[in-house]
Amino acid sequence: MGVEEQRAGEFYVERDVMNELCLDKLARRRTHSTRPLLKERVKDSLRCSVPKLKRSVLSFIPILSWLPCYSVRQDALGDLISGISVGIMHLPMGLAYALLASVPPVFGLYTSFYPVLMYCIFGTSRHISIGTFAVTSIMIGTTTERLAPNSNFMSLNGTNGTQILDVVARDALRVQIAASTTFLSGIFLFLLGMIRFGFVVTFLSDPLVRGYMTGAGIQVVLSQLPSLFGIRVGRFSGPLSQVYVIATLISYYCKLHSLYKVAVIGQIPKGLKPPSSPDVSLWGSIVGDAFAVGIVGYAVNISLGKIFGQKHGYTVDSNQEMVAVGLCNIVGGFFQCHVVAASPPRTLLQDSTGGKTQVVGMISSVLVLIFILQLGTLFEELPKAVLACIVLVNLRGLFMQFKDIPELWKSNKFDLLVWLVTLVCTILLNLDLGLAASIGFSMLTVIFRTQLPRYSILGHVPGTELYLDTDTYEEAKEIPGITIFRSSTTMYYTNAQLYLDALQEKSGIDIGMLLMKKKKRDTEEKRKDEKEKNKAKKQAKKPIMLLKCVFYQSRVKIETLSLCQSKVNWGFEQQGNGFDQDSKTDIHGNDHITQMSSTGREGEMGRSSVNDTHTIILDLSTANFADTATVKTLKNIFLNYRKIDIDIYLTGCQVCVVEQLSSAGFFSESIPKSCLFTTIHDAVLHSLRLHGASDDLTCTTKM
């Protein structure tokens with residue numbers, strides 16, 4: 001379809017040129033905010049009624065809203081098949097990921113049971129499968145092995161002098177550490193969710209999350225190599241820890257033929273354990289780990305939840321999700337579970353097998369419960385190498401994310417840099433430090449991008465009221481005498497000076513040099529004025545001397561002589577002040593600055609001379625706030641450019657920006673609110689009429 005065929009029609013716009021004052025009057029700007037006062041909002045939040053109580057309960061416990069409406073005919077069969085499939089997948093993943101968390105395998109089954117039931121009650125996503133997850137499991141494992149390393153449980157055998165590892169005591173402490181970390185992580189998430197802090201995950205960009213998951217996947221692979229090859233090595237922590245794992249494997253490689261014993265899962269006790277309170281004394285050592293693993297788990301949850309929510313047409317509440325995950329971890333902490341998160345493989349399986357509601361989680365939990373109570377012994381002789389293979393196979397989705405590299409190279413190199421730096425930091429600095437370093441680097445890229453915006457000079461597209469970048473569009477032509485300047489980002493304290501420099505470069509006006517020359521000229525004029533005044537005083541003394549000499553003459557002669565002398569003095573003064581008369585050629589009295597700017601260095605700066613430019617229009621349509629630095633910068637622009645006979649206008653300011661400028665005292669007699677215009681076109685028409693320029697643009701615009 002051609003361009004002409006795509007045109008929907010045409011319309012004509014005819015209205016008066018409109019500045020901010022005219023707009024306020026025409027649109028009847030409100031003098032007061034329609035938003036209730038803080039006092040009223042607090043009262044309203046504390047006011048209780050039956051409908052409000054019902055809404056609060058239903059939003060906090062979503063199962064009360066969807067379970068009564070559950071359709072057995074439409075959803076039951078799909079949920080049953082999906083629940084059985086996901087439950088079967090929970091079993092090996094729970095056992096395998098418990099090894100990542102450095103706790104006995106049965107605690108992975110507990111993690112696949114209690115938190116899953118809690119999420120069915122409090123969660124808002126119908127399709128994610130919560131439970132054990134590789135990344136959160138290895139983060140817990142790093143914490144447990146850091147606080148309870150094997151070296152702390154070694155004892156000397158008095159018979160043969162060998163060292164013996166007390167596995168029972170070690171595992172008991174590690175379970176307690178994992179449970180305490182999980183409980184504290186749940187408290188963090190629950191409190192943040194209750195104060196509506198679910199947006200915190202927005203600071204984790206998609207490239208950062210995907211790069212972090214890929215790096216964590218590599219750490220998981222490295223952690224499973226000892227189990228895969230039947231090698232007993234300690235798990236190192238801290239920066240460059242993965243290098244020590246790899247080095248140990250190389251040292252063992254040549255001795256694999258002498259190792260015949262195969263490590264198996266071991267005893268899986270039947271039944272459920274009673275709840276126990278987490279060890280609060282450990283919180284000081286795990287507070288950072290708890291917060292990090294909680295945020296990572298929640299980020300995975302909300303990412304998958306929103307993806308499948310958009311796919312199936314429902315909304316996932318980010319704040320309620322934070323509350324739900326927090327409650328899952330709090331309850332899990334009492335039952336010796338470790339931190340949970342949504343697993344991409346299980347979630348994809350749940351969606352592909354027809355699961356439609358949270359009933360899938362209930363069915364899978366029943367299947368896991370049956371296994372814990374009766375069938376756990378069937379897996380006691382399962383080799384740990386098999387579990388390691390299960391872990392590696394389930395990580396294939398994470399490693400598919402390496403395909404992001406060529407895509408990001410084409411679309412956004414800043415995001416690619418975040419992805420790669422996150423990957424490297426996660427591998428080399430470990431999971432906790434890697435996450436912190438990645439978030440810091442991501443924030444730096446945002447700041448860096450604001451330091452390198454695109455500054456443009458806009459030109460008018462003939463026959464329209466559009467103003468586009470002259471470097472991008474050939475038909476966009478600059479209007480003689482008017483410079484229209486735009487930045488692609490908000491001006492604030494970190495880039496305010498860059499904004500000034502770009503304005504000077506793009507406009508071709510060296511404001512500093514011109515102001516210096518103006519000051520020099522003013523000094524010379526002042527010196528000449530003083531010189532002429534001194535000469536006038538000397539000339540004024542001559543009639544007195546002459547009167548003394550001709551005192552004897554008549555009064556008529558004296559008056560005649562004095563009158564003649566006064567005329568001579570008047571003519572002399574006019575001749576001496578001829579420079580001042582020539583300089584007053586315009587309303588500002590700075591015509592010589594304009595003339596001087598057209599020669600010398602100013603003429604060599606490229607675009608145009610100051611003599612050609614009488615108006616600069618600053619397009620602030622990209623600004624969404626105005627800080628103190630912005631206000632000061634705009635004030636300086638107004639004052640400095642007006643000193644050299646250049647008018648400044650602002651266009652496209654959002655309401656919030658205008659309010660912030662007003663609150664900061666930006667508007668005054670020297671900078672009236674009439675300097676703000678609704679559109680660039682309004683400012684251009686006003687400038688052309690004010691300076692008596694061509695009226696070609698003032699006609700009705702045809703579009």
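**Close-up views of a predicted model**

**View 1. Strands β9 and β10 run side by side in a mixed sheet.** Strand β9 (residues 615-619) pairs in the parallel sense with strand β10 (residues 647-651) over five bridges, where pairing requires that DSSP finds at least two bridges between two strands, and strands (E, at least two residues) and helices (H or I, at least four residues) are DSSP runs numbered from the N terminus. This is a predicted model, in which local features need pLDDT of at least 70 and side-chain atom pairs count only at pLDDT 80 or more, while totals for chains, interfaces and linings use all residues. Residues are numbered from 1 along each chain as its sequence is written, and side-chain values use heavy atoms, without hydrogens and water. D619 has T651 of β10 as its bridge partner. The open sheet has six strands in the order β7-β6-β8-β9-β10-β11, with β7 (467-469) and β11 (676-677) as the edge strands, each pairing on one side only.

**View 2. V135 belongs to the largest nonpolar core.** This core (buried Ala, Val, Leu, Ile, Met, Phe, Trp, Tyr and Cys residues joined through side-chain atoms within 4.5 Å; buried means under 20% relative accessible area, exposed over 50%, partly exposed in between, with a 1.4 Å probe and protein chains only) has 78 residues, of which V135, M139 and M213 touch the most other members. Helix α13 (residues 283-312) contributes the largest share, 10 residues.

**View 3. C653 is a buried cysteine.** The structure holds zero disulfides (pairs of cysteine sulfur atoms within 2.5 Å). The sulfur of C653 lies 9.5 Å from the closest cysteine sulfur, in C656, which is too far for a bond.
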